[in-house]
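Visitor: Hi! Could you walk me through this one?
Guide: Happy to, have a look first.

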Amino acid sequence: MILYLKLAWRNIWRHRRRTIIVISALGFGIMLMVFYDGMIAGFQDAIYGNAIKVLGGNIRIHAEGFSTSTKSYPLMPLTNDQQIVQAAEDLPQVVSASRRINTGGMATNREGAFAVGITGVEPEIEATTNPIAEQIVEGRYLTADDEDAILIGKGLALMMNLQVNDRFTLVGQTVHNQMRQRTMTVVGIYDFGVPSLEQKTVYISLAEAQTLYELPGQVTEVMISLEKIGQETQVLNALKPIMNGFESQTWAEAFPELQTAMETKNGAMQFFSWIIILIAGIGVLNLLLMAVFERTREIGLLGAMGMKPREIMILFIIEGVMLGLVGVIFGEALGIGLNAIFSVVGFDYSQYSNITDYMALITGKVFTSLALNSIFTRGLPVFIITILASLIPAREASRHEPSEALHYV
Amino acid sequence: MLQQFKLAFRNLNRNRRRSILSGLAISLGLALILLIAAITRGEMVGSIAKTIQLSSGHIQIRSSEYIEGKSSLKWSDLVADPQSIINTLEGSSPLNDLIQVATPRLNASAVVSSGNDSIGVQLLGVDPSSTANQPFVEGITAGSFLNQDDGNGIVIGQLLADKLQINTGDSLNLLVNTSNGDVSEQKFTVRGLYTTRTPSYDESTILMTLDKVQTITSTQDHATSIFILLNNREDADMVASAISGAGYEVLTWKDMNQLLLDTEELANSFMIIIYLIVLAITATVIVNTLIMSVFERTREIGILAAVGMKGRQILGLFLAEASILAVGGIAFGLALGWLVCQYFAKFGFAIGDMGINGEMLLGDRIYAILTGGDTLYLTILAFIVTMIASLYPAILAARLEPVDALHGK
């Protein structure tokens, strides 16, 4: 066996030029596929990343029994929320973990009554982590010691005819199911270009929510934002040991339709990527076939010297494996390197469209993801194709009649 | 020139399997990008068609005071006596031929209260007899659509019904904002459930007769807009400019769906890089195959050069080979791509709702649409990329020294 390996290795480097062509073809093909994967994942984050943050983060932690409650916004305080926040912030994938109170209520003024979701946030933390803080078009974001201050969306401001410093009545229910009514002053208006979504949520400071809804020092939710979509499972697994008495909800569970949309898109992209592998596979097969024909004389010589057809075949397969391995490693390194560069530099698409001007949730700049999983989804299939592709020429090589092959020009 | 093509054709024919595989790589590459383009376009065309049917129509006539997204019920923001405007439109013969249907509609915001929950919804007042309601009538899943003089009936989305756990025949309490800022509360009976296959729309839209919405919101004979569908949407600009009237604003589907049209533009610019990646992979296959074939035929090229063929002619020979490959591959790729697109145009790709955006209404299925423009553009792109890729091997062949080449170096 060692002899075959040695022989195969020498054969590969004896035809240096041809080997370099095969390896560069493999490498270049894989590099492009890895880049494709990185781009697709990057699009996903550019289009959905901010939306998920605004809709409530990648992961939310609630008290046990939250999901089975009949209410849309049950006020169920968490018992040890600081522990969850600490543990989450220690994880590398976590961008931020913040404490919140979520409840439903009604905003009323002369224009009428409008159902809204009320979210109490820690302004000192979310001012830097929530995309909404960057989309304030009038006034300012909340601060920790705000009193009777509220941040509303432009959609709601339009419907209720509100400007900064205007007041309206916010009706809600305390944890003991008592009606709680309060006149709030608008301190800021956010706008991300989706009126229907902006109509649905108003923000107040956590301290204020705790007083209003009688939850002193308590919260009903820990919201965790991650670096990238798709890291939810890893993070949840890491948090598992301390999840007693808590339940978790990912954005995908909260918005199944969003997940379906994303999965369908990914499904289509996966389907496309299999065709891409097929194209690359054809290239590999072609090159290996050519490599064998070029070496017909050499094979004849091996045969004439007493190497059996089966042994010749093994030799060619080993060569295929070696070429495949070197090419795949080379390509993955190039591709991941390319993705690493564009994950920092980014592609700026905003110039092609003015959608980013008024659809603030969509980022015009796409940063590729590293696509490390492409080692398995790309590298492995191409490697297998290389081996399969080397089988056909290997079989043909082993079948040559030595005397004929020797005369082949 | 003809000579070179003859020679090129013979060379390709000599290595039939290799030529077919190379051509196949081009075919698959082209077919793939055609499919990607068709699905991207289908997604956008489908969502625009759906938005037109459900919410925007081809043309809307509104009060010039009307502010988008505000859903105001002030009389000055509404269209007074819409029926007389419609009568005028239908009385003018050139317009009447272009217009399929024109009907008044009134939007109002309301709150559904059930148990401890309150959910914000949009009321849509429609003329039950109008054919513009077709998408709802066809989408009835239980019960029946509204009757002309149904004073307390409503039709709600299947999803909203599931959320509230109610069925046809059940009653629902609605708090409706009125034109003077009061809120009027009334119980309604659910006559039917509908689905438009657009979760975000179905979850938040309740249908009621126009008369009833006018009564409950005290807007008398006013409507938010006159909703017009045309026989051909390309006539929109012409019809819009023909409809004139003091105090009215006439909007076309293009004005109202700017966001969608811009999204399409952004999606297309995203896609260019995907097309180029796919074509680059195809090009890798072609380049390497051609380079191999240059090396394999070094002696042959040497002979050609020795008998007086100029470098330029050898270059032409290889380019002729590449162009035959490209044309053959593209022809087959077009046929393959067209067939696959036909399949997806008929059966569609399943997809869920985008979920984040009420303005972007997407169906749950994408039908591929292959346009002549896309086909032409991508075919030319594929040909150019293939030809550029084959330049290097062709130059390599043209630069060989005759004497060295004869020795096979």
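Visitor: How many residues of chain A are in contact with chain B?
Guide: In this predicted model, 59 residues of chain A contact 60 residues of chain B, where contact means that the C-beta atoms of two residues, placed from the backbone, lie within 7 Å.

Visitor: Which elements give two or more residues to chain A's side?
Guide: Those are helix 2 (16–54), strand 2 (94–109), strand 3 (112–121), helix 5 (154–160), helix 6 (195–198) and helix 10 (256–294) of chain A. Helices (H or I, at least four residues) and strands (E, at least two) are DSSP runs, numbered from the N terminus. Helix 10 of chain A gives the largest share, 20 residues.

Visitor: And what classes do the residues on that side of chain A fall into?
Guide: There are 38 nonpolar, 14 polar and 7 charged residues on the side of chain A that touches chain B. Ala, Val, Leu, Ile, Met, Phe, Trp, Tyr, Cys and Pro count as nonpolar, Asp, Glu, Lys and Arg as charged, and the others, Gly among them, as polar.

Visitor: How are the numbering and the confidence rules set up?
Guide: Residues are numbered from 1 along each chain as its sequence is written, and chains are lettered from A and ligands numbered from 1 in the order in which they are written. As the model is predicted, local features need pLDDT of at least 70 and side-chain atom pairs count only at pLDDT 80 or more, while totals for chains, interfaces and linings use all residues.

Visitor: Back to helix 2 of chain A. At what angle does it pack with helix 12?
Guide: About 40°, with the axes of helix 2 and helix 12 (residues 309–345) of chain A 7 Å apart. Axes are lines fitted to C-alpha atoms, for helices over the stretch in contact, and angles run from 0 to 180 degrees between N-to-C directions. Helix 2 and helix 12 of chain A are therefore oblique to each other; angles under 35 degrees count as roughly parallel, over 145 as roughly antiparallel, 65 to 115 as roughly perpendicular and the rest as oblique.

Visitor: What about helix 14 of chain A, where does helix 2 meet it?
Guide: A:Leu26, A:Ile30, A:Met33, A:Val34 and A:Asp37 in helix 2 meet A:Ser374, A:Arg378, A:Gly379, A:Val382 and A:Thr386 in helix 14 of chain A. By class, this contact of helix 2 with helix 14 of chain A has 5 nonpolar, 3 polar and 2 charged residues. The axes of helix 2 and helix 14 (residues 374–399) of chain A come within 10 Å and cross at roughly 150°, which makes helix 2 of chain A roughly antiparallel to helix 14 of chain A.

Visitor: Now chain B: how do helix 2 and helix 11 pack?
Guide: Helix 2 (residues 16–56) and helix 11 (residues 258–296) of chain B pack at about 175°, their axes 10 Å apart. That makes helix 2 of chain B roughly antiparallel to helix 11 of chain B.

Visitor: Where does pLDDT stay under 50 in chain B?
Guide: Over residues 352–362 of chain B. pLDDT is the predictor's confidence in each residue, from 0 to 100. Where it is low, the predicted coordinates should not be read in detail. The mean pLDDT of chain B is 86, and 95% of its residues reach 70 or more.

Visitor: And the scores for the model, what are they?
Guide: The model has ipTM 0.75 and pTM 0.78.
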